[in-house]
Amino acid sequence: MADSSFPDGVPSDSLEAAKNASNTEKLTDQVMQNPQVLAALQERLDNVSHTPSSYIETHLDFFPLSSLPKAVKRRINALKQLQVKCAHIEAKFYEEVHDLERKRREFVTGDVEPTDAESEWHSENEEEDRLAGDMKTKAVIAEKEAAAAEEPSPKGIPEFWFTIFRNVDMLSELVQEYDEPILKHLQDIKVKFSDPGQPMSFVLEFHFEPNDYFTNSVLTKTYKMKSEPDKADPFSFEGPEIVDCDGCTIDWKKGKNVTVKTIKKKQKHKGRGTVRTITKQVPNDSFFNFFSPLRASGDGESLDEDSEFTLASDFEIGHFFRERIVPRAVLYFTGEAIEDDDNFEEGEEGEEEELEGDEEAEDDDDAEINPKKEPSQPSECKQQ
C-alpha cells in the first residue's frame, strides 16, 4: 500500500531515500517546536563560535595545506612572495638609515655643509624663538662676566670619557685598575660609517692625547655588518647584524703594555736536579684587549662555546657604543641615561649565574710586570 504512490520502475533505493527525507523533515519540525532541544542546540553553536582555534585545528587535521584548492594555495604562495619582498625592502630601509646616520655625523663635524633645502626649518612658535634669543644673549653676558672674574677654569670637561666608563656597568667590568690612568687620556670616541658603495660597517675611533703608555693617537675597532635576509630563511630577518670585527695594533712604550704580564716559574732538571727560574709573558686582563678581538671563523670551522660567547659579547659592546654611548655621551656622563636604562632592565633579581675561568694561581702569585719592548710605530693604529 505504501508503494502505490510511486510510479512503476522507480528503484527501491530511491524510494528509501525519499522515505528518509520525509522522516528528516518531520524530525526537524518536531525539533523546531521543542524549546528545550532548541536551547541545547544554541548552546552547542555558541561553544563552537567561541573556540575558533579548535575548529581550525580540527579542520586542518582533515584538510592539510597540500589538500587545499589550487586557488587558495596560489593566494598563500602570493602572500609568501610579498613577505620576501617586504624583508628585502626592510633591508634597504636599514641601509638608508645607515647613510642618514653617516650624513648626520658629517654635519655635526662640519665635514659637509647642508644645502639650503636641508637647513630650512619653520618654527611653529615664534615666542619660543624669541625666548631662545633672550637666553642666548644672557648666556653671552654671563660668559663675559665670568671671564672678567678671572677665576681658574679647567679646559673642557676633565675625565669626561673616563667617567662614562666608570658609570656604565658593561664598560666598568672590562676596566682594570691599571687601565684607569690610561683612560684618563681618552679625549673622544667617534663613530665612522662606511662610505657609499662600500661593504656596510662602522669604525669606533678612540682618540687619545699624548701619554706615557703608547704612541698611537687613535685606536680603532671595525665592526662589519650584514643587512640582507637569509636566503634559506628570509622570514627571520630582523635588521642589520654584526658579523665580524677587526682591532688594531697598539704601539706600547717600553714596560707599559698592560695587556700582558711576565711571570716567573721554577724548573727542575730531571737528571742533575738543578733548579732554574724562567720568565714568560702571558695574557693579562685589560680593557685594551678590546682592540685584539677574536675573529669570526671564515674557513667553515665552528667556534667553541666559550669563543662564541666572547665574540657575541664583543658584538654587543660594539653595538652599545654605536647606538647609545656615543650618541648620548653627555647623558651617560651625568648618569641620566643610566637611570633610563635601569627602567628597562630584563630579568629578575637573584637570577645570576657565576662564570668561573681556569686560572693558574701559582703563576699569578709570582707575577710581575716586565713587558717586552715593542718597536715604535706611526701614531695611528694599524688594522690587524
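**Entry 1**

I looked up Asp314 and found it buried, at 11% relative accessibility. The terms I use are buried for under 20% relative accessible area, exposed for over 50% and partly exposed in between (1.4 Å probe, protein chains only). I note that this is a predicted model, in which local features need pLDDT of at least 70 and side-chain atom pairs count only at pLDDT 80 or more, while totals for chains, interfaces and linings use all residues. Residues are numbered from 1 along each chain as its sequence is written, and side-chain values use heavy atoms, with hydrogens and water left out.

Which residue forms a salt bridge with Asp314? I found Lys221, with the closest N and O atoms 3.0 Å apart. This pair links distant parts of the chain, with Lys221 in strand β3 and Asp314 in helix α10, 93 residues apart. A salt bridge here is a side-chain nitrogen of Lys or Arg within 4 Å of a carboxyl oxygen of Asp or Glu. Helices (H or I, at least four residues) and strands (E, at least two) are DSSP runs, numbered from the N terminus.

I then stayed with Lys221. Strand β3, where Lys221 is found, covers residues 218-226. Lys221 has a relative accessible area of 0%, so I list Lys221 as buried. The side chain of Lys221 also has a polar contact of 3.2 Å with the side chain of Tyr223. A polar contact is a pair of N or O atoms within 3.5 Å; within protein, one must be able to donate a hydrogen and the other to accept it, and residues adjacent in sequence count only if both atoms are side-chain atoms.

**Entry 2: the other salt bridges**

How many salt bridges does the structure hold? I noted three.

One of them joins the side chains of Lys224 and Asp246, at 3.4 Å from N to O. Lys224 lies in strand β3 and Asp246 in strand β4 (residues 241-246), so this pair ties together parts that are 22 residues apart in sequence. I checked both partners: Lys224 is partly exposed at 33% relative accessibility, and Asp246 is buried at 8%.

Another joins Arg322 and Glu323, whose closest N and O atoms are 2.1 Å apart. Arg322 lies in helix α10. Is Arg322 buried or exposed? I found Arg322 buried, with a relative accessible area of 11%, whereas Glu323 is partly exposed at 34%. I also compared Arg322 with Lys192: the two are 130 residues apart in sequence and 9.5 Å apart in space, C-alpha to C-alpha.

**Entry 3: a charged patch**

On the surface I found a patch of negative charge made by Asp304, Glu305, Asp306 and Glu308. Such a patch is made of residues with over 30% relative accessible area and no salt bridge, like charges being joined within 9 Å and nonpolar side chains (Val, Leu, Ile, Met, Phe, Trp, Tyr) within 5 Å. I placed Asp304 in the loop between β7 (275-283) and α10 (305-325). Asp304 is partly exposed, at 46% relative accessibility.

**Entry 4: Glu159**

I looked up the backbone of Glu159 and found phi near 55 degrees, a positive value in a residue other than glycine. Most residues other than glycine have a negative phi. Where does Glu159 lie? I placed Glu159 in the loop between α6 (126-149) and α7 (160-167). Glu159 is partly exposed, at 34% relative accessibility.

Conventions. Areas by Shrake-Rupley, 256 points an atom, 1.4 Å probe, with all protein chains shown as cover. Lys, Arg positive; Asp, Glu negative; His and termini not counted. Charge placed at Lys NZ, Arg CZ, Asp CG, Glu CD.
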